[in-house]
Amino acid sequence: MRGKSVTLEQLEVTYPNGFKAVHPTDLVIQAGEFFSILGPSGCGKTTILRAVSGFVEPSAGRILIGDADQRGKGPNVRETALIFQNLALFPLMRIWENVAFGLEARGVAKRARRDKAQELLDLVALTDQAEKTPGELSGGQRQRVAIARALAVDPSVLLLDEPLSALDLKLRQHMRAELRSIQKKTGVTFIYITHDQGEALTMSDRIAVMNAGRIEQVGTADEVYSNPVSAFSASFVGEANQFAGRILAQDGEMARIDTPHGQFNGRNPTGLVVGQEAILFVRPENIRFSAVENVLHTYLLRRDLEGPFVNLFMATQSGACVAMHVPNTAETSPAMGTQVTIGFMSTTATILPLGPVARTGQDIAAE
């Protein structure tokens, strides 16, 4: 198996009722890449996936797989395979028959089908499960059967539409590693659709953050998390404290923002100028006790234990709720209501233009 690139050129999808699910979009996914499209429900990510697979016809623009234009090609002739959210396994067929179903539809002889199915079951660590039915397997095993079935037809591009959403947390975490391993072994291009940030950050070579039919940012996991380029990207990928205001001063790559909660310094990657409305974002893990820069006077409002880490929610005198993510030690667990001075380094904060933001844990904590 060998992956091919996928190129979207001004791809647009408008439904008959006039709703524009995907605004004109340019995107290049490299051959053999594990690429995730991350965004909330209804943002258009599944529409892009279905357009690549041929189940949705673009309203404008075009899709290339390798160098081949996909206009006029139905799903059955494209070099893609799609794994649905519900897996769609055949409950009365044996596992090897499920895996070989696409080969049977293509007229491949039974012996060759059986051999190919067993090869793929070996690949996904289900060597001894060939004669069972889907009902006899666990959720994670059924997931691997669906992957093997998709790979049986030798796709250049494997499309995955939130395939782990029905699994429990431990199994999802295990399957992330399984999927990444399978992708590396096969070299097939994976396009993975998810609203789960952990999945995208853990598995992907690159991520596209999508909102309201538009791609806001494309980059590696580190780039998207540490260097967001829009308010939505900063607030949707991971947790972030937010302080809205206006730019008070600008100096090279840094700026100072005036907010109802104080004046703070931060990085200014988009070149905001004095007077512009903006939002400062700082990750909970970058908030520190006894800070000497960007200081906030707070008291402990809430403490959420996550084993070795603790999420602390601090209330400021101005009414803001500031989230902190700290190790679970006695030194980092002040008593409820305790007055605490906190703050953050300007180099760990990012100031971005005012724009739509995602709902965050900070909002929930304040309720």
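Two strands are taken as paired if DSSP finds at least two bridges between them. The legends below describe a predicted model.

**View A. Pairing of strand E1 with strand E4.** Strand E1 (residues 6-14) and strand E4 (residues 60-65) run antiparallel and are joined by five bridges. Within this pairing, Glu 9 has Arg 62 of E4 as its bridge partner.

**View B. The open four-stranded sheet.** Four strands form an open sheet in the order E2-E1-E4-E5, and their pairing is antiparallel. Strand E2 (20-29) and strand E5 (68-69) are the edge strands, each pairing on one side only.

**View C. Helix H1 against the sheet strands.** Helix H1 (residues 45-53) lies across E1, E2 and E4. The helix runs at about 115 degrees to E1.

**View D. The largest nonpolar core.** This core comprises 36 residues, and those with the most contacts inside it are Ile 83, Val 99, Leu 158, Leu 179 and Phe 190. Two or more residues each come from strands E6 (80-83), E7 (157-161) and E8 (189-194), and from helices H2 (95-105), H3 (110-123), H4 (139-151) and H5 (169-186). The most is given by H4, which supplies six residues.

**View E. Surroundings of Val 99.** With residues up to four places away in sequence not counted, Val 99 touches Ala 117, Leu 120, Leu 121, Val 145, Ala 148, Arg 149 and Ala 152. Val 99 is also among the residues with the most contacts inside the largest nonpolar core.

View F. A separate core of 25 residues includes Val 22, Leu 27, Ile 29 and Ile 63.

Definitions and conventions:
Residues are numbered from 1 along each chain as its sequence is written. This is a predicted model: local features need pLDDT of at least 70, side-chain atom pairs count only at pLDDT 80 or more; totals for chains, interfaces and linings use all residues. Side-chain values use heavy atoms; hydrogens and water are left out. A nonpolar core is a set of buried Ala, Val, Leu, Ile, Met, Phe, Trp, Tyr and Cys residues joined through side-chain atoms within 4.5 Å. Buried means under 20% relative accessible area, exposed over 50%, partly exposed in between (1.4 Å probe, protein chains only). Contact means heavy atoms within 4.5 Å. Axes are lines fitted to C-alpha atoms, for helices over the stretch in contact, and angles run from 0 to 180 degrees between N-to-C directions.
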